[in-house]
Amino acid sequence: MSEILRYEHVDISYGGRVAVADISFALREGEILGIVGESGSGKSTLIKAAMGLLGPNGMVTRGDIWYQGKDLPNLSETEQRKINGPEIGMIFQQAGSSFCPIRTVGKQLYESMLEHESLTKEIFEQRAIELLDKIGFGNPKRILESYPFELSGGMQQRVGIAAAMLLNPRILMADEPTSALDVSVQKQVVEEMLLVRKCFETAIIIVTHNIGVIGAMADRVLVMKDGKAVEYGDKTQVLENPKEEYTKKLLDAVPRLNKEVL
């Protein structure tokens, strides 16, 4: 598999304070990379940097983030918007908070797609129903006709994944997509993301503090602490034979999903 995204010696700062220091890793086509660490370790900051979502006080102060020959931190806002969505999609921790409560899911997804391509409502609905059906929704049309408050938190999160996939991005960034969910719903979300990879060959970076999710999904793992990389390698190597003491402590301390559930 060829590389699709590469971080080279990346430093990220907020208001002059270094939050992430000297991070390097690569993401290959169709691969799932898990980034794991305690709160405040800088893992979410890493993926936000690739999408220009660091906010007014955040910036990449050193290094490069390469995608398709482009250094993402150096792109203009216009160039970044062309990549965000069609090329790199994002799933947030609580997808439901990004939906307007007084408009149907279908209307909001349609308007979101219109920002990147011109299509009729009929073509959108056909595409959306096919996608929702493909990734396991039992009644796709009902989902599109529903208001967000009519969907459970877990269903909102699953719809958030589907929304990110409507433009068929090559990379999907997932920022703590299961942390606000109970274990049974976590299982559904994990299975849905794995199905996205299987159906669309999408590369995924998932940020989480849950070792069980990493164990169920990732091909490779990056362990972070205090803004620095502690360990990086194949999942089996990192989770079953960790080299660093911090990784061993993290494996012992972080709650795991029950193997029978996953």
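Predicted model: local features only at pLDDT ≥ 70, side-chain atom pairs only at ≥ 80, totals over all residues.
Colleague: How many helices and strands does the protein have, and what radius of gyration would a compact globule of 262 residues have?

Modeller: The protein has 10 helices and 10 strands. A compact globule with 262 residues would have a radius of gyration near 18 Å, and because the protein has 18 Å, the two agree. Along the principal axes, the C-alpha atoms fill a box of roughly 55 × 45 × 35 Å. Buried residues make up 49% of the 262 residues, and among contacts between residues at least 6 apart in sequence, 68% join residues at least 24 apart.

Colleague: Which way do the residues of strand 6 point, and are they buried or exposed?

Modeller: Buried is a label for residues under 20% relative accessible area. In strand 6, which covers residues 88–91, Ile88 and Met90 point one way while Gly89 and Ile91 point the other way, and all are buried. Strand 6 pairs in the parallel sense with strand 7 (residues 171–175) over 4 bridges, and Ala174 of strand 7 is the bridge partner of Ile91.

Colleague: How many cavities of 30 Å³ or more does the structure hold, and which residues line the largest cavity?

Modeller: A cavity is a space where a probe fits but cannot get out. The structure holds 1 cavity of 30 Å³ or more, and the largest cavity has a volume of about 40 Å³. Its lining includes Val105, Leu109, Leu131, Ile143 and Ala162, and by class the lining has 11 nonpolar residues, with no polar and no charged ones. Helix 3 (105–114), helix 4 (121–134), helix 5 (140–145) and helix 6 (153–165) each supply at least two residues of that lining.

Colleague: Which residues are closest to the centre of the largest pocket, and which elements line the pocket?

Modeller: A pocket, in contrast to a cavity, is an open set of points. The largest pocket holds about 660 Å³ of space, and of its 24 lining residues the closest to the centre are Met90, Phe92, Ser112, Ala163 and Ala164. Strand 6, helix 3 and helix 6 are the elements that give two or more residues to the lining, with the largest share, 5 residues, coming from helix 3. The lining of the largest pocket divides into 14 nonpolar, 8 polar and 2 charged residues.

Colleague: Where does the lining of the second largest pocket come from?

Modeller: The second largest pocket holds about 340 Å³ of space, and of its 17 lining residues Met51, Gly52, Leu53, Leu54 and Gln80 are the closest to its centre. The elements giving two or more residues to this lining are strand 4 (58–67) and helix 2 (77–83).

Definitions and conventions
Residues numbered from 1 in each chain as written. Heavy atoms only, no water. Buried < 20%, exposed > 50% of the residue type's maximum accessible area, 1.4 Å probe, protein only. Pairing = 2+ DSSP bridges. 1 Å grid on protein atoms, 1.4 Å probe; cavity = no way out; pocket = protein on both sides within 12 Å on 5 of 7 lines; lining within 4 Å. Points joined across faces, edges and corners; volume = space filled by probe spheres on them. Nonpolar A, V, L, I, M, F, W, Y, C, P; charged D, E, K, R; others polar. Rg over C-alpha atoms; globule rule 2.2 N^0.38 Å. Contact = heavy atoms within 4.5 Å.
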